[in-house]
Amino acid sequence: MTTPASTYRLQLHEGFTFDDSAAIVDYLAQLGVSHLYLSPVLQSAPGITHGYDGVDPTRIDEDRGGRPGFDRLLNRCRNNNMGLVLDIVPIHLNITSPLNPWWRSVLRLGPASPFAHFFDIDWNAPHAGGRVILPLLGRPLDEAIDNGELKLAIFDAEPCLTYFDNHWPLNPDSVARIIADSDPQAPDAFLARFSLPGPLRGLIAEQHYLPMFWKTGGTQVNYRRFFDIDSLAAVRVEDPQVFEQTHKQILELAALDALDGLRVDHPDGLRDPQAYFAQLAEKTGGLWTVAEKIL
């Protein structure tokens, strides 16, 4: 582990991967760069080029080359006596991507989800009826249903509620009822039947979430967001278990001496920034760390 003297930032995405980065390390070393500073490398929503819309902090982004690609870049850096600094985003996760396993579990199981406490959700909000408000519709719910924008579909081999690119899982009781009502001779017939306005309204009423028009739902949302961005739910890193899970990959890399520093995105939005940095320093062995702050 070395203290950065000069960093060079690389913006990673599907079109510029770990291997693309490794290909220019020799050149950067000749320029005198001591450390590569990488944009977020943990799994983010598909098609996102900046990496700040994370969906699964337990693994390195597959579109950027996954862990094998990261290791190849690390080896090239080490062969050039060059270190690595990572940009990390502890404050929020993208909740519109179906690749976020924690949020999907919350939508499927509600307060009973083992990940329900990972997010700040007010399940007792009087207007929410014990559900998570999803202010993601382009029009009021009844209009979206009547216009056929909300419908039932199969995603990941299970029935789910879809709204354009959004896929929301159903609770187990709804899935069991749908399967019980299905015709073995026409296994997909239930999709059209349950997508009819009447059955669909009943189905939505059974879920642990309530889709709403973004203009009204945004004022009633009952989960803590990043600023007022509905698609980014804040993560409770002040909880030790949540900290361990959200930083699992980062702490593993730090323990392997694969990292020389961290740049923390928006720590001022955390519940207790000072406590967070103290915990981060303890868990990473005092790794060189800088904080972004928008003034």
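Predicted model: local features only at pLDDT ≥ 70, side-chain atom pairs only at ≥ 80, totals over all residues.
Two strands count as paired when DSSP finds at least two bridges between them.

Next, display strand 6 together with strand 13 (residues 229-234): the two run antiparallel and are joined by 3 bridges. Within this pair, histidine 92 is found opposite alanine 234 of strand 13.

**Second stop: helix 3**

Move to helix 3 (residues 66-79). Now colour Gly66, Gly69, Phe70, Leu73, Leu74 and Cys77, which are buried. These residues cover an arc of only 140° around the axis, which means that they lie on the same side of helix 3. Which elements do the buried residues of helix 3 pack against? Their partners are helix 1 (18-22), helix 2 (25-31), strand 2 (35-38), strand 4 (54-60), strand 5 (83-88) and helix 11 (248-255). Just after helix 3, select asparagine 81, where phi is positive, at about 55°.

Proceed to helix 4 (residues 101-109), in which the buried residues include Trp102, Trp103 and Arg104. At the start of this helix, a side-chain oxygen of asparagine 100 comes to within 3.2 Å of the backbone nitrogen of tryptophan 102. Glycine 110 follows helix 4 and has a positive phi, near 65°.

From here, select glutamate 158 in strand 9 (residues 158-163). Its side chain makes a polar contact of 2.6 Å with the side chain of arginine 108. Beyond its neighbours within four places in sequence, glutamate 158 is in contact with Arg104, Arg108 and Ala153.

**Last stop: lysine 151**

Finally, centre the view on lysine 151, located in strand 8 (residues 150-155). Is lysine 151 partly exposed or buried? Its relative accessible area is 39%; because buried means under 20% and exposed over 50%, lysine 151 is classed as partly exposed. Its side chain reaches the backbone oxygen of glycine 148 at 3.5 Å. Apart from neighbours within four places in sequence, lysine 151 contacts Cys160, Leu161, Thr162, Ser195 and Leu200. The C-alpha atoms of lysine 151 and tyrosine 163 are 6.9 Å apart, although 12 residues separate the two along the chain.

Note on methods: Residues numbered from 1 in each chain as written. Heavy atoms only, no water. Buried < 20%, exposed > 50% of the residue type's maximum accessible area, 1.4 Å probe, protein only. Helix = DSSP H or I, 4+ residues; strand = E, 2+ residues; numbered from the N terminus. Arc of directions from axis to C-beta. Contact = heavy atoms within 4.5 Å. Polar contact = N/O pair within 3.5 Å; in protein donor to acceptor, adjacent residues only side chain to side chain.
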